[in-house]
Amino acid sequence: MEGANKAASNEVNKNSGCCACSGGSCSDAKFLNPTPMLDELEHGPWPSFIAGFKGLAERTKKPMLRGVMDQLEYSYNTKMGYWKGGLVTVDGYGAGIITRYSMIKDKFPEAEQFHTMRIQPAPGLHYNTEMLRNLCDIWEKHGSGIITLHGQTGDIMLQGIEQDKVQECFDELNQQGWDLGGAGAGMRTAVSCIGPGRCENACYDNLKLHLKALKHFVGVLHRPEWNYKLKFKFSGCPNDCTNAIMRSDMAVIGTWKDAIQVDTDEVKAWVAERGLDALVNEVINLCPTKAITMKDGEMHIETRDCVRCMHCLNAMPKALSPGKERGISLLMGGKNTLKVGVNMGSLIVPFMKMESDEDIEAFTDLIEEIIDWWDDNGLDHERIGETIERVGLKDFLEGIGQEIDINHVTRPRDNPYFKAKY
Amino acid sequence: MSSPEKKWKTIESGPHTYEEALHPVVRKNYGNWRYHEIPRPGVLKHVAHSGDTIWTVRAGTPRQDTVDMIRVLCTIADKYSDGFLRFTVRNNVEFLTPNQANVEPMIRELESLGFPVGGTGNCVSSVAHTQGWLHCDIPATDASGVVKSMMDSVYNEFKNMEMPNKVRLSTSCCAINCGGQADIAVVVKHTRPPRINHDHLATICELPKAVARCPVAAIRPTVVNGKRSLMVDEAKCICCGACFGACPAMEINHPEHSKFAVWVGGKNSNARSKPSTMSIVAHNLPNNPPRWPEVTDVVGRILTAYKNGGRPWERVGEWINRIGWKRFFEETGLTFDENMIDSYRHARTTFNQSAHVRF
């Protein structure tokens, strides 16, 4: 912040007198001030966010947009950011509004407040145009009109609102079925892939589980009270299109227990079309556990050797499908680089059925158990994966009542330093 | 913020419901899809056990959108996909229609409006990225600008499917890397310890929290000009920026010394190899708005080498595992240096504990 303020005070405001037109006295002039650095991002074939912002600002003439564009141009010139946090919220909630005040409001008074409302979309990021138009209308009425679809944790981010408009904006959104997303040390908004909505590999109804689980934990999402954040992501199969294993504390990955379903006619058709070379080079040789062999001229998958990686199903989508005994694997502890370095989620529950309401209830009961353990054992600002590593996977599994399973590790330990209860 | 005239009582509803947002053909065949094909870049054809078919047209968006742009997408959806649309986790918009005749006109209209149709199969998909100077409180750069510049340069790779396998990109504005692990990632790398504002630190930061935040115990309490403050053991500091998140008076960002690094080989899927984390292959690249040409150049070199050398289905990390890091650096023209030898936790897991050597 020191550097930011210093850079700001050293710079002469090239745009002084910029607000002469804001009263509407010079209607021929552009509403926006010159932004030569940002204008460079209007060139090139990829859709330009700057062109979008400028169009919106010229149409709506919202002073906040002009102020934010001026401050962003200033950031591009000085190579520093100028937003600071604060505490804005709605009645009864402790999270969901990301507060942004300009550190250089004297220079850009129109950008003084630029708060974000995080909104939870429908699982799978599905919309109908009525929902989306409605959201746009409410947002344009109260806020800047800038929307991010979507944030990295899965929220709709309505960017740019002033504190005194937050409550009425939220009330209108809430009446249309929208609720705020998570922030701070609590449950966060979740993400789902398209799941059974369109994908042949979806091994459970991730959209339904997402909706039910996040409704179950809605209180701790709005009123954070834990050591740190906790994120769910729901992927329909081990292709993990939501990147759950890396980017969520609780990665719920669809899987199956029995044999891959094989349509032998479609296998033959695949080989007829692409040749035996492709079958060998692109399917059989790429199986990570060498579970596929040729038997009497036909492809044979040894189920006991299969680890359900998805490769052969991806290569032969018409011929191969997941087995019939389907459910989920739960991996825990995924997080990115901050402090201890990146951590992939580790397998905690190898398999759980996920078909009935009772299955979903058993799942949320388990998560409650896990959160209780984390509450007792975690430290401030420690993600659950870090707690598990510090306390020990064995103690964690005991603590939440999970039976140990060889699938929890890649191999047994390579050192003798433990105290067994002989 | 309560107002006395407030009438509406909040419903803590959580995620928006999804059933009304599903196309009727999706609802009818929910959980009963049989297979899919990619008839051309940007188009998916999904066939259900019932025999129903749904066509998906996928297009890139800037992610930092506006109500105006979203209303345009709604108009497309009303015209061609019965009023339904969805987004992917990599910020692409998708329109689902059972009517094949709508596909080509929809592609033409999307492209004429500036939305590139693509992002399917073995392409370079659009970038998972962070907020940056537009909105974040701790950014060293503007991810949206970097992404726009990168996607301009790989535009044709988004619209075609000529890579050995899919390529996922990410961009992050600080070392926390909210953009995530990806085949190729562009991430800010701080190169100097935080600069401390001793005048304000004690009034805006909780001292014990900032001390506890440091992963290498480099922060200690001190007194400067009679004021309680913190000091950083600069020999110990690893320039991670964790303290800055807890204490804004410990400024880690710097207009010149916050640089870019490029990382490769991250993979989230379980297909073939297990999910993998990324390795650093270039650093000390300048943070150079508005177009960041140095970063775009490195990403381009990696993509070219991978496109030429990767075998079918190999992701970037799998390609490198086969050819080895020595050839990776030779073929990309990048330079391996001493800073790329891990010195942090788990460093020994990256040492070559074998006599396997490539010459």
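Reply: Two strands pair if DSSP finds at least two bridges between them. Strands (E, at least two residues) and helices (H or I, at least four) are DSSP runs, numbered from the N terminus. The model is predicted: local features need pLDDT of at least 70, side-chain atom pairs count only at pLDDT 80 or more, and totals for chains, interfaces and linings use all residues. Residues are numbered from 1 along each chain as its sequence is written, with chains lettered from A and ligands numbered from 1 in the order in which they are written.

Me: Which residue of E5(B) is the bridge partner of A:Asn128?
Reply: Strand E5 (residues 126-128) of chain A pairs with E5(B) in the antiparallel sense, over 3 bridges. A:Tyr127 stands opposite B:Leu85. For A:Asn128, the bridge partner is B:Phe84.

Me: Are the residues on both faces of E5(B) buried or exposed?
Reply: A residue is buried if 20 or more other C-beta atoms, placed from the backbone, lie within 10 Å of its own; it is exposed with 12 or fewer, and partly exposed in between. One side of E5(B) has B:Phe84 and B:Arg86, and the other has B:Leu85 and B:Phe87. Both faces are covered, and these four residues are all buried.

Me: Which residue takes a positive phi in the hairpin of E5(B) and E6(B)?
Reply: E5(B) and strand E6 (residues 93-97) of chain B pair in the antiparallel sense over 2 bridges. B:Phe87 stands opposite B:Val93. The hairpin has 5 residues between the strands, and the one with a positive phi, near 65 degrees, is B:Asn91.

Me: What is the order of the open sheet with 5 strands?
Reply: The pairing is antiparallel here too. Its edge strands are strand E2 (97-98) of chain A and E4 of chain B, each pairing on one side only. The order is E2(A)-E4(A)-E7(A)-E6(A)-E4(B).

Me: Which residue of E4(B) stands opposite A:Ile147?
Reply: Strand E6 (residues 146-149) of chain A runs antiparallel to E4(B), and 3 bridges join them. A:Ile146 has B:Thr66 as its bridge partner. Opposite A:Ile147 stands B:Asp65.

Me: At what angle does H2(B) run to E4(B)?
Reply: H2(B) lies across E6 of chain A together with E4 of chain B. Its angle to E4(B) is about 75 degrees.

Me: Which element gives the most to the side of chain B that touches chain A?
Reply: Residues are in contact if their C-beta atoms, placed from the backbone, lie within 7 Å. By that rule, 101 residues of chain B are in contact with 109 residues of chain A. Elements giving two or more residues to chain B's side include strand E1 (33-40), helix H4 (143-153) and helix H7 (207-213) of chain B. The most, 8 residues, comes from H2(B).

Me: How many residues does the largest nonpolar core have?
Reply: A nonpolar core is a set of buried Ala, Val, Leu, Ile, Met, Phe, Trp, Tyr and Cys residues joined through C-beta atoms within 7 Å. Among the residues with the most contacts inside the largest one are A:Met117, A:Ile147 and B:Val57. H2(B) gives the largest share of this core, 8 residues. The core has 212 residues.

Me: What percentage of the residues in chain B is buried?
Reply: Chain B has 10 helices and 15 strands. Its C-alpha trace spans about 75 × 75 × 35 Å along its principal axes. Of its 359 residues, the buried ones make up 52%.

Conventions: Two residues are in contact if their C-beta atoms, placed from the backbone, lie within 7 Å. Axes are lines fitted to C-alpha atoms, for helices over the stretch in contact, and angles run from 0 to 180 degrees between N-to-C directions.
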